[in-house]
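Student: Could we go through the packing and the surface of a model, one point at a time?

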Amino acid sequence: MSTTQSERLRGLLEPLVASQGLDLEEIEVDSVGRKRVLRVVVDSDTGADLDQIADVSRALSAKLDETDAMGEGEYTLEVGTPGAERLLTEHRHYVRATDRLVKFQLAEGGELVARILKVDDEGIDTEVPGVKGRKATARRLAFDDIVRARVQVEFSRKDNKKEEEA
């Protein structure tokens, strides 16, 4: 998708998404054979439920139908939320990932897998899990030290609250 089309679509759709109490995270147009697919990713601090997704989808569809932003050709609109292993690119993404395990690619080289504990304007406080019975360690990361960060899926995480109650 051209930058101009992307900017036009963002300018058109972002106010509608915001009016629904959501953030417009991503816009992508893909060609699938002769058909085009417009994918819109939305999110909020509390997540987005199916009713919100349906509401924003209807609003976006109506707006796109009354404009020529997608041109004359046929297209499909898909509205969803970020995936489980979302890439963290904005400050708000880090805030939303608090208490999640994240894989960081560091500017100094190498990778770090750590849990986000706290986020402020300068960086994040993390907890690096202990290995082979060792205790977890705290580590501070400045945003400038992070090249890339992606949330990790945890299938067997022990819930600390349940452990404390036991």
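Tutor: Leu13, Leu38, Val40 and Leu64 touch the most other members of the largest nonpolar core, which has 20 residues. Such a core is a set of buried (under 20% relative accessible area, 1.4 Å probe, protein chains only) Ala, Val, Leu, Ile, Met, Phe, Trp, Tyr and Cys residues joined through side-chain atoms within 4.5 Å. This is a predicted model, where local features need pLDDT of at least 70 and side-chain atom pairs pLDDT 80 or more, while totals for chains, interfaces and linings use all residues. Residues are numbered from 1 along each chain as its sequence is written, and side-chain values use heavy atoms, without hydrogens and water.

Student: Which elements give two or more residues to this core?

Tutor: Helices (H or I, at least four residues) and strands (E, at least two) are DSSP runs numbered from the N terminus. On that basis the contributors are α1 (3–19), β1 (23–32), β2 (35–43), α2 (50–66) and β3 (75–80).

Student: How many residues does the second core have?

Tutor: This core is separate, and its members include Tyr94, Leu112, Val128 and Val151. Its residue count is 16.

Student: Why does Glu127 count as partly exposed?

Tutor: Glu127 belongs to strand β6 (residues 123–128). Partly exposed lies between the buried limit and exposed, which is over 50%. Glu127 is classed there because its relative accessibility is 32%.

Student: How far apart in space are Glu127 and Pro82, C-alpha to C-alpha?

Tutor: In sequence, 45 residues separate Glu127 and Pro82. In space, the C-alpha to C-alpha distance is 24 Å.
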